[in-house]
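Dear colleague,

Please find below the structure that I am handing over to you.

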Amino acid sequence: MKGNSFKYSDRGFESEELLIRNFLDTGFNRFFRKGYKVTREFEIGSGRADILLVQIDERSCLFKNKVTLNPTEILISSILYHKKPISIKTLKTRTGLTPKKLLANLTSLTEKKLIEETSLNCYIKNESLTPYYKYLVSIEGKLSRWEEALTQAYRNRLFSNESYVLLDNKYIYNAYKNLNSFKQSNVGLISIDAETRETRMVFRPKKTNPLSNHFVWRAGYDLKERI
């Protein structure tokens, strides 16, 4: 988007809910390919994502078998590799678990045939033990408070491949003036016009891996209960 080609609205949306609903109705398919499952108001960690666009990994045991995992098993699953064995000693250091609790959960995962012991006290996870989703886009909608939205959208990068702020075009000016903040955070910026319903991709971030494998597993396990 260049200089004077950017037009601002005189009228804005009456609520964030209307902003988000209009985006899903009119702007969603312009920028994101088909095949996503859509869910709303997803809470994880210290925040809540307004919109998640989820591509499910149908190879995952979480998708195929409705496997039940407790929080400790999720933590262990996020650390183990598929081919590189990890020792109990390393797992103890990285999880902070007591030897008794660690061993109990490793035994549980082994009995579920999700992990296996490759050599004495070393474990790998099976190919089907993957997060519920293979790609995720998160979107944080706000009428005008771009700084607050950017902070939350950056947090969403913990479990997202792409994270965006969606703003009312009436109030996009300050965010556009601070576009470098979005670029430095690798958070995208989308605007939507309340009058014309036109949606603009102001800045598209780079596609990346999520910042936290543990949050990917936590998000994936919660999403499998919703989608």
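Predicted model: local features only at pLDDT ≥ 70, side-chain atom pairs only at ≥ 80, totals over all residues.

Residues are numbered from 1 along each chain as its sequence is written, and side-chain values use heavy atoms, with hydrogens and water left out.

Helices (H or I, at least four residues) and strands (E, at least two) are DSSP runs, numbered from the N terminus. Helix 6 spans residues 146-156, and its buried residues are Trp146, Ala149, Leu150, Gln152, Ala153 and Asn156; buried means under 20% relative accessible area, exposed over 50%, and partly exposed in between (1.4 Å probe, protein chains only). The cover over these residues includes strand 2 (47-56), strand 6 (133-142), strand 7 (162-168), helix 7 (172-177) and helix 8.

Three strands form an open sheet in the order 3-5-4, with antiparallel pairing. Its edge strands, each pairing on one side only, are strand 3 (86-87) and strand 4 (115-119). Two strands count as paired if DSSP finds at least two bridges between them; strand 4 and strand 5 (residues 122-125) have four bridges, in the antiparallel sense. Opposite glutamate 117 stands tyrosine 123 of strand 5.

Tyrosine 135 belongs to strand 6. This residue counts as buried because its relative accessible area is 12%. Leaving aside neighbours within four places in sequence, tyrosine 135 is in contact (heavy atoms within 4.5 Å) with Arg33, Tyr36, Leu53, Val54, Gln55, Asn161, Glu162 and Lys207. With glutamate 162, the tyrosine 135 side chain makes a side-chain polar contact of 2.7 Å. A polar contact is a pair of N or O atoms within 3.5 Å; within protein, one must be able to donate a hydrogen and the other to accept it, and residues adjacent in sequence count only if both atoms are side-chain atoms. Arginine 204 lies 69 residues from tyrosine 135 along the chain, with 16 Å between their C-alpha atoms.

Two loop residues also deserve mention. Asparagine 186, between helix 8 (179-185) and strand 8 (188-192), has a phi near 50°, a positive value in a residue other than glycine. Asparagine 186 counts as buried because its relative accessibility is 12%. Arginine 197, in the loop between strand 8 and strand 9 (199-203), likewise has a positive phi, near 65°. Arginine 197 counts as partly exposed because its relative accessibility is 32%.

Yours sincerely
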